[in-house]
Amino acid sequence: MENFELEDAVKEVMDGILPKKSRKIYEAQYDTFVKWCCQRKLENVNEDVLLVFFAEKSKTLSSSTLWAHYSMLKTMLNVKRNIDVSKFYKLSAFLKRKSEGYKPKKAKVLTLDQIDKFLLEAPDKDFLMIKVALIFGVAGACRGKELHELTISDVTDMDHALLVNVRNTKNNVDRNFIINNSNKNGIDLIEVCRKYMALRKPETTHSRFFVRYEKSQCTVQAIGKNTFGKIPQKVAEYLNLPNSTLYTGHCFRRTSASLLADSGASIDVLKRHGGWKSASVAEGYIENSINTKKIVADSIFGLGVGNSTESASAHQVCGSAVSASSASSTSSKNNIVQNTIDGANRLLNIVNCSNVNIHVNINTNNKDL
């Protein structure tokens, strides 16, 4: 293989390292840095050059934006110039120091009562599409871009439920979710969605699921990406919630994760639901969960210790509690099975449970154990 052919092959492989969806953003960030170097007649790139570059940026950019630019520039310098920025420890220390005390702005979340109130009270003639976007967004922890790109083939009506497939996600993790045929508080979620789906005009030429809705009728025009970013604010404005502008496009995704965390879901369940590869995001939702904080408070003050029935009812979400080869009595009040085990067989089978704390007391004075 000729040298020029080898160089072209290497260039093609290295270009494949860049993420396809945000390639242009990476290249734009690299071009900005190159122009900055040219203006200052800097030919060689080293740690000191990058320190000055990010020090200037830090005067106008937030900590989170600095880290995003650092990540992109680190990749581009590795691809274009074979420079390993991860070994520039003074630079990373500088960025960490800039992060101290920084609190990122996060979209506000909706409570379950607020969601129910909107679905029950908002008139369909004006808000039907928004209701469906709310149901899909919260049920599937969807980003605005994911709702925008949803197609009619991604939604399957299974009579008893709607199955929704979310493809081409930000982190390349396809996922799906179910909208149940529940009738909670007089709200039939599936029927709300079906009403909107039935209004789709046959002459619609594109496959996008969400189309514009005006005066109780759907049009053939697909809803734009920016419109989805404003839908949570419209929900907040209808409910007269304070600071409605803080209900941004990420509201439905954060609301979904917060409600799931409050239900006692594990980190693994949260990761699968939101399609997160890292556990750090899921851990954040669990840490901030009101339900988790209540359990911690009960544990600190001994409210969950010493009473096995109260402890179990506080921590478990079970379809079927405990079964064993023994005589048992069931408390209908707490839906807890209390077992008295006799004989040599002491095998307990616990099925269909999640987020369960099991306390075992072992009597070492019993010779049969």
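At 62% relative accessibility, Asp159 counts as exposed (over 50% relative accessible area; buried is under 20% and partly exposed in between, with a 1.4 Å probe and protein chains only). The model is a predicted one, in which local features need pLDDT of at least 70 and side-chain atom pairs count only at pLDDT 80 or more, while totals for chains, interfaces and linings use all residues. Residues are numbered from 1 along each chain as its sequence is written, and side-chain values use heavy atoms, with hydrogens and water left out.

Asp159 sits in the loop between strand S1 (155-157) and S2. Although not a glycine, Asp159 has a positive phi of about 70°. Asn243, not a glycine either, has a positive phi of about 55°, and its place is the loop between helix H10 (225-238) and helix H11 (251-262).

As for the chain overall, there are 15 helices and 13 strands, taken as DSSP runs (H or I of at least four residues for helices, E of at least two for strands) and numbered from the N terminus. Of the 369 residues in the protein chain, 33% are buried. Among contacts (heavy atoms within 4.5 Å) with a separation of 6 or more, 55% come from residues 24 or more positions apart.

Within H9, the buried residues are Ile190, Val192, Cys193 and Tyr196. Viewed down the axis of H9, they fall within an arc of 160°, so they line one face of the helix; the arc is that of the directions from the helix axis to the C-beta atoms. These buried residues pack against helix H7 (124-140), strands S2 (161-166), S3 (175-180), S5 (187-188) and S7 (217-222), and S6. Thr204 counts as buried too, at 12% relative accessibility. A polar atom of the Thr204 side chain lies 2.8 Å from the backbone oxygen of Lys201.

Then there is the pair H2 (residues 23-39) and H3 (residues 47-57), whose axes come within 12 Å and cross at roughly 105°. That makes H2 roughly perpendicular to H3 (65 to 115 degrees). H2 brings Gln29, Phe33, Trp36 and Cys37 to the contact, and H3 brings Val49, Leu50, Val52, Phe53, Glu56 and Lys57.

Technical notes. Axes fitted to C-alpha atoms, helices over the stretch in contact; angles between N-to-C directions. Parallel < 35°, antiparallel > 145°, perpendicular 65-115°, else oblique. Polar contact = N/O pair within 3.5 Å; in protein donor to acceptor, adjacent residues only side chain to side chain.
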